[in-house]
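This report describes the strand pairing, packing and pocket of one structure. The sequence and the model are shown first.

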Amino acid sequence: MARNSSGTIVAGLTAGAIIVVGVLAYHASANAPINPNQAARPGASDSAKPKDKAKKEKSTAIPASSGTGRRVVYALSDKRVWLVGANEQAIRTYPIYPSSVSPAPGTYNVTSRSASVTGSDGVSIEHVVRFHTEGDIVFGFSAAVDGSTPDPGSNRRTGGIREKRADGAAMWTFASIGTEVVVVR
């Protein structure tokens, strides 16, 4: 009897696996081009894809006129940061969540760092790398310990530029006191 019920279980598992493979094959064939050679040629339906790819490549390329040598580049319009090595190659690039007030384009240097503090918005932040002060606004990169991002509708004037935690850790490792920070439009 035990032999017969284990055979039933194996048959059920086999049937389930065949159904899953069939569903996956159907989805793959539904998304495949009718003519495989057509996928290699840009057509009217593909016209947006190269533009999207070019836009993505442009946004991850180190901005022109952003200085030379080892530096942090912060592009205001792209909402992106590059950690650039001495060899002019981006070690890392990532999107950021800008502060409610932006620093003026220019070249700055990292002036101070804090492993962890409470941000001006009351959120616990880590890997704080400050590079500029303008009046009562302090500009710097940081990551919220809880992973939160700034409230874009807030009226609070802050200079805290938020990063994801992994990006904040990379910035912390890269940007020691004196590291150049270049802010571009």
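## Strand 2 and its two partners

In this predicted model, Ala75 has Arg80 of strand 2 as its bridge partner. Strand 1 and strand 2 run antiparallel and are joined by five bridges. Four residues lie between these strands in their hairpin, where Lys79 takes a positive phi near 55°.

Arg80 also has a bridge partner in strand 3, namely Pro95. Strand 2 and strand 3 are again antiparallel, with five bridges. Their hairpin has five residues between the strands, and in this hairpin Glu88 takes a positive phi near 65°.

Strand 4 runs antiparallel to strand 9, and four bridges join the two. Within this pair, Tyr108 has Val181 of strand 9 as its bridge partner.

## Burial and core packing

Why is strand 2 described as largely enclosed by the rest of the structure? Five of its five residues are buried, so the strand is largely enclosed. In a regular strand, side chains alternate between the two faces of the sheet. In strand 2 both faces are covered: Arg80, Trp82 and Val84 are buried on one side, and Val81 and Leu83 on the other.

The largest nonpolar core has 22 residues, and those with the most contacts inside it are Val72, Tyr74, Val81, Leu83, Phe131, Phe141 and Met171. At least two residues of this core come from each of strand 1 (71-75), strand 2 (80-84), strand 6 (124-134), strand 7 (137-144), helix 3 (165-174) and strand 9 (180-184). A second, separate core of six residues includes Val73, Ala75, Trp82 and Val84.

Beyond its neighbours within four places in sequence, Val81 is in contact with residues including Val72, Tyr74, Tyr94, Ile96, Phe141 and Met171.

## The largest pocket

The largest pocket holds about 570 Å³ of space. Its lining comprises 30 residues, of which Ser99, Ser120, Thr158, Gly159 and Gly160 lie nearest the centre.

Strand 5 (112-118), strand 6, strand 7 and strand 8 (159-163) each supply at least two lining residues. Strand 7 gives the most to this lining, with six residues.

Key. Residues numbered from 1 in each chain as written. Predicted model: local features only at pLDDT ≥ 70, side-chain atom pairs only at ≥ 80, totals over all residues. Heavy atoms only, no water. Core = buried A, V, L, I, M, F, W, Y, C linked by side-chain atoms within 4.5 Å. Buried < 20%, exposed > 50% of the residue type's maximum accessible area, 1.4 Å probe, protein only. Contact = heavy atoms within 4.5 Å. Pairing = 2+ DSSP bridges. 1 Å grid on protein atoms, 1.4 Å probe; cavity = no way out; pocket = protein on both sides within 12 Å on 5 of 7 lines; lining within 4 Å. Points joined across faces, edges and corners; volume = space filled by probe spheres on them.
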